[in-house]
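Work through these exercises with the structure at hand. Try each task before you read its solution.

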Amino acid sequence: MRRTWALAAMLAGTLLAGRAALAQQSTMPPDAKVYIIWPGDGQVIKGAFWVRMGLSGAGIAPAGVEKANTGHHHLIVDADLPPLDQPIPNDHNHLHFGLGQTEARLDLPPGKHTLQLLLADANHVPHQPPLYSKRITVTVVQ
Amino acid sequence: MSSIRLQTLWLSAVVATCVVTGAVAQGTGSAPPAAPATSTATATPRTPAPRDAYVYIGWPLDGATVYSNHVKVWFGTRNFGVAPAGVSVKNTGHHHLLIDAPLPPLDQPIPSDSHHLHFGLGQTETVIELPPGTHTLQLLMGDADHIPHDPPVTSKRITINVRAAPTH
């Protein structure tokens, strides 16, 4: 299943990017930074909440749009960073914001959860060097 | 022989005319439907935005007093996406920060000057320099061609007070 997805993504990437090989990763300005504006690390939250995604020193572009110094957000929930030289998986633990969104509403079960942002290029592949936020922990209560 | 040749010539002329008029008719026929999709400076139709799309200034807060000439402003966007200028993707736009200025005309490209800052790379925050005093800030989304959407996606106009950093 995972392999099928990766193959499909590779095919889509090839179609979209044409000559751009997956091995050639996009770059970002050295001072670019991605961070979670809200919630704060260690925050206790009641019920569903909005995650606000911050990016400084670079721009947001929807998936599929090739433009220097841009990317789109991915929110990693309760998971480690995925391989940084491949398209980011698309599942419940890896949320894609391919429309260029900068906020997301999360409704997580009560308990401790980790959140981390990872920016990726037009083909969902992280930049080189990768741009990711600190991994924060929140506690959801009912 | 010569009459046949003449007839052939006449026929080809008719065919050529048909092709030309056909092309012209096709050109004029296809132009109006294409206009709403790509709004240009001359076209009146604006890029549509969902009714629930909105932007807001996440920081600073309305009425805040800021003790620095450098003010970080972050742009909140909900039910809408961010895309660089020149990129036409449905339900996206790029931010413009209006400083001490009312909303510009909504059917024209947003001016680009010190009161209308463009964030055409798709930036979602900035740091601006303001002299001490009271200032207003407002966000206005523009489409690929810097023209506001329909309905316009704009934030509340907030007021902040900038004071010089305290010296000891």
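**Exercise 1.** Why is strand S5 (residues 92-99) of chain B largely enclosed by the rest of the structure?

*Solution.* Keep in mind that this is a predicted model. Start with the cut-off: a residue is buried if 20 or more other C-beta atoms lie within 10 Å of its own. Next, apply the cut-off to the strand. Of the eight residues of S5(B), seven are buried, so the strand is largely enclosed by the rest of the structure.

**Exercise 2.** Work out the strand order of the open three-stranded sheet in chain B, and name its edges.

*Solution.* Read across the sheet. The order is S1-S3-S7, and the pairing is antiparallel. Now look for strands that pair on one side only. These are S1 (54-59) and S7 (125-129) of chain B, the edge strands. From one strand to the next, the twist averages 30°. Then check one pairing in detail. S3 (residues 70-78) of chain B is joined to S7(B) by five bridges. One pair to locate is Lys72(B) with its bridge partner Val127(B) in S7(B).

**Exercise 3.** Describe the side of chain B that touches chain A.

*Solution.* Begin with the counts. Contacts link 18 residues of chain B with 18 residues of chain A. Then ask which elements give two or more residues to this side of chain B: they are S3 and S4 (81-82) of chain B. S3(B) gives the most, with four residues. Finish with the classes. This side of chain B has seven nonpolar, nine polar and two charged residues.

**Exercise 4.** Summarise the make-up of chain A.

*Solution.* Count the elements: one helix and nine strands. Follow the sequence of chain A, and the pattern is α-β-β-β-β-β-β-β-β-β. Turn to burial. Chain A has 142 residues, and 32% of them are buried. Last, take the contacts in chain A with a separation of 6 or more. Residues 24 or more positions apart account for 66% of these.

Terms used: Residues numbered from 1 in each chain as written. Chains lettered and ligands numbered in written order. Predicted model: local features only at pLDDT ≥ 70, side-chain atom pairs only at ≥ 80, totals over all residues. Pairing = 2+ DSSP bridges. Axes fitted to C-alpha atoms, helices over the stretch in contact; angles between N-to-C directions. Buried ≥ 20, exposed ≤ 12 C-beta atoms within 10 Å, placed from the backbone. Contact = placed C-beta atoms within 7 Å. Nonpolar A, V, L, I, M, F, W, Y, C, P; charged D, E, K, R; others polar.
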